[in-house]
Amino acid sequence: MDVTKVMAYFSIIGDHFQPEKITEELAIQPTETYVKGDIIKKTSTTTASVVRRRVETDWTLSTGYQKSADINDQLKPLLRSLEGKEKNLIRLKEEYELTYIFMIVIEIENNEKPAMYFEKDIINFASTIDAEIQFDLYIYS
């Protein structure tokens, strides 16, 4: 039986920075990184091969999809990983003109919706580092 799943991730996005520098500064191993200009994937059509490239550089820390009834169950581990690193994040943001995003991706199955609210510590942290909070919602059944 399919169940509702939630994934949360924190992304650092910018035009030109070295993801390894972020990893070193934060002392956190990211889940994924890529650099502006990297090939996304090659696709073939009947007439030509199409190459798509990344339009930005990204450093991401993700929980991966987990069965969940509350988005905070995914946000809290991210927050624990980042707590105490606010000064570094603020300095990096200014130095490299970065954008910070907390993304919550919800896959709803069987009409089972997770609790969707933000605890104060998440709101305060996001505000301190000037991060956006975004949602992707997928309803399957």
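Helices (H or I, at least four residues) and strands (E, at least two) are DSSP runs, numbered from the N terminus. The model is predicted: local features need pLDDT of at least 70, side-chain atom pairs count only at pLDDT 80 or more, and totals for chains, interfaces and linings use all residues. Residues are numbered from 1 along each chain as its sequence is written, and side-chain values use heavy atoms, without hydrogens and water.

**Exercise 1.** Find the buried side of helix α3 (residues 86-96) and what it packs against.

*Solution.*
- Buried means under 20% relative accessible area, exposed over 50%, partly exposed in between (1.4 Å probe, protein chains only).
- The buried residues of α3 are L89, L92 and K93.
- They lie on the same side of α3, because their arc around the axis is only 105 degrees; the arc is that of the directions from the helix axis to the C-beta atoms.
- K87 and E94, on the other side, are exposed.
- Contact means heavy atoms within 4.5 Å. The buried residues pack against β1 (5-14), α1 (19-26), β7 (99-108) and α4 (120-128).
- After α3 comes E97, with a positive phi near 55 degrees.

**Exercise 2.** Describe the largest nonpolar core.

*Solution.*
- A nonpolar core is a set of buried Ala, Val, Leu, Ile, Met, Phe, Trp, Tyr and Cys residues joined through side-chain atoms within 4.5 Å.
- The largest has 28 residues; F10, I12, W59, Y100 and F102 touch the most other members.
- Strand β7 gives the largest share, five residues.
- Leaving aside neighbours within four places in sequence, F10 has contacts that include W59, L78, L89 and Y100.
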